[in-house]
Amino acid sequence: MKEFKGVHSILLVGVGGQGTILISKILSAGFMQRGYDVKMSEIHGMSQRGGSVTTQIRYGDKVYSPTIGLGEANVIIAFEKAEALRALPYLKRGGILITDDHEIYPMPVLTGDAVYPYDALEKIEASGTKPIVVKAAGTAEALGNARAQNIVLLGALVTAWNLDDIDWEPLIRQYVPAKAVGINLEAFAVGKGMRSMV
Amino acid sequence: MGEKQILSGNEAIARGCWEAGCRVAAAYPGTPSSEILENIAAHYRGDIDAQWAGNEKVAVEIALGAAMGGARSIAAMKHVGMNVAADPIFTAAYSGVTGGFVVVSADDPGLHSSQNEQDNRHYAPHAKLIMLEPSDSAECREYVMGAYELSERFDTPVLFRVTTRICHSKSIVEVAGRTDVPVKKYEKRTDKFTMLPVNAKNRHRIREELLMEAEEYANDCPYNRVEESDDAQIGVITSGVSYQYSREVFGEDASYLKLGLTYPLPRRLIKEFASKYERLYVIEENDPYLEDAVRALGFDPVGKDRIPILYELDAQIVREALTGEPADEGYIADTAAPPRPPVMCAGCPHRGFFYTVSKKMDRIVPCGDIGCYTLGASPPFLGMDTTICMGSGLSTIIGFEKALRMQGDGRKPLGMLGDSTFFHTGINSLIDVAVSGANVIAAILDNSITAMTGHQQNPGSGRNIYGEPSPSIDVVSIVRAIGIPEERIRVIDPLDLDAMSRVIDDGIAADGPFVIVTRRPCVLIREVAREYAGMYCEVDADKCVGCRMCMKVACPAIAFRDGKAEVFDRVNCTACGLCEQMCKFGAIAKRGGQGS
């Protein structure tokens, strides 16, 4: 990991139930182990029921605010394409956007009251930042556990954001359910290799 | 040095309670406070006796009873829960305690999960309670431990005021072991605990005296501190999470009066600090609680004239308000993401109820309540005209019926609430429906759990907070006991659309109080989810004519693509069969599970 002054901000976005909270726990534990001050903020409650969810992680020498403002995220990890589009204004100039190409249709789209942005990735690129597109949900399903999507994305983050000086595997073992450790370690390894695929 | 852990504010409060020797804990679940009691139950069993209470008033009274009896105790609730609990809290401030007593109020600036954003700091002066406001998880632990000391020293309940961002943010906490605080021997003290007017008069005087002492303490205590920066031109007075935003924005360019003990306010300390700075900012979320106090001391700070009174703050809002610097421009795409509101889960039993209600809107006025079913107010069902507070679903209909009748509107009020809400305060409401003979329909949507706040057990669940079997209170037996006649009670499965429709029609036709109890457990209850695992509905594309009838139940597992319906989310589909019942062409069938 490159040394830095100040605070780095990682924003995780997805849809309620996608497991954003688990990888934010792993990330926070990793950063703490590495000696950083860490704050993580998530809002749960009503939004759990299929709504948009965000988790914010900030780490560095000393962190005050637990939240990330517009244009302040060094990295955004999106578990779903439309959510990547929604979170885009939070990306810092020159920041990294990692997104799954997975699509989950919001109720207004299902009922025909809104249109799904199938071209979200192109629109993001046209705004001036090239997203790192990871087929995390597809990969996890192919590995035999759709829930491992989050760990594929964690792997992609570790590569894209140079976090490989932290030993993530023991943390994955600690935080995922015991019977899913094998698949999740596999998912992590595949995710780490994913940057080259885009 | 203790062990470092990353804890949420709620986890840290639970930890602090345990370390401080707390022995009794009670709560009614409510976002963002619910995890306090959940963590106490999960981690500190044996040392702290935890229980869910039927409502917040009961929770406070359980904890207060323990505190009068000599044991350190805690009651936790969300901000609106404190309204329910206000009655015992105001008088407990007179009687005081034997063992320390902490009342947690978890406020929700920004209304992430609430019906209002009331600022409960006002309760402290109103109820005459010492108040502590932590700014992060480490302070949650440290302050709650201190709260017990203050409670016993000043013989008072302590109001522990947190907000969503404190409760649900995680930060590093250094933890330690439990201090063994013996239960104090209970001694009969009617002068203190029996609040007859003669005793209460005396206790009120004692309270005022103790508050004066507490203010002296507040002027020079570890919770209120000045953080001076060299050559700072700006003075910031702040508390809670606003302190973090203030430091984020002004760093070493300001000096800070960080207030952690915010009632009684340390007026001497505020005066000393405020007189040093020409540019004085008071930075706080929602109401000008601190600002008004600073103004009363003769200062003219910048506060709510620039900082919004509405919603949650963050560093950007504070920066823009006080420095005029706008937020950094991020990247802007020329397409907006579609809204993604929370929805009822696939298989949710409330869906059948609300689809039916939405078909009968010409004959009913649906009055709602607080729970997952409040989602029934959203499109496409629009099945709720009112939502105010817990229990109101079954009492507002009594007045609504009168008002509709007075204006010649023939529609019938249909009140609704959930099982947990029924136990919370809805039983009282139904009693008044019965005794007033109101010509209304009262629906109790029983899904066997307190779902919206994360599946806490309630008196009907048959399990306690530890997951152990406990007596289960039967909703229908209560309805009968209240005196609703058998011919005006219907108990049905809300996923049976024909029956659901018939039952509401019966209710509309009835004369006098009519009660519907819909019975089907929440699909997210672990055992229930297990039962549905592998079950789903499937659309036969050859038979599907593309009429979109199945889309009318607004299920997140079914989509309409290329002129056909498709159950695309087989993982979350539970084969509840609503779409199957909607299909007039027999194109949808249940798959998986037993017998297929």
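1. Buried here means under 20% relative accessible area. By that cut-off, 11 of the 12 residues of α6(A) are buried, and the helix is mostly covered. The model is a predicted one.

2. Helix α6 of chain A runs over residues 149-160. Its first and last C-alpha atoms are 17 Å apart, close to the 16 Å expected at 1.5 Å a residue.

3. After the helix comes A:N162, which has a positive phi, near 50°.

4. Turning to chain B, its secondary structure consists of 20 helices and 22 strands. The chain is as compact as a globular protein of its length, because its radius of gyration, 27 Å, is close to the 25 Å given by the globule rule for 596 residues. Along the principal axes, the C-alpha atoms occupy a box of roughly 80 × 65 × 55 Å.

5. Of the 596 residues in chain B, 59% are buried. Among contacts in this chain with a separation of 6 or more, 75% join residues 24 or more positions apart.

6. As for charge, chain B carries 63 positive and 81 negative side chains. The centres of these two sets are 5 Å apart.

Methods. Residues are numbered from 1 along each chain as its sequence is written. Chains are lettered from A and ligands numbered from 1 in the order in which they are written. This is a predicted model: local features need pLDDT of at least 70, side-chain atom pairs count only at pLDDT 80 or more; totals for chains, interfaces and linings use all residues. Side-chain values use heavy atoms; hydrogens and water are left out. Helices (H or I, at least four residues) and strands (E, at least two) are DSSP runs, numbered from the N terminus. The radius of gyration is taken over C-alpha atoms; the globule rule is 2.2 Å times the number of residues to the power 0.38. Buried means under 20% relative accessible area, exposed over 50%, partly exposed in between (1.4 Å probe, protein chains only). Contact means heavy atoms within 4.5 Å. Lys and Arg count as positive and Asp and Glu as negative; His and the chain ends are not counted. The place of a charge is taken as NZ of Lys, CZ of Arg, CG of Asp or CD of Glu. The expected span of a helix is 1.5 Å times one less than its number of residues.
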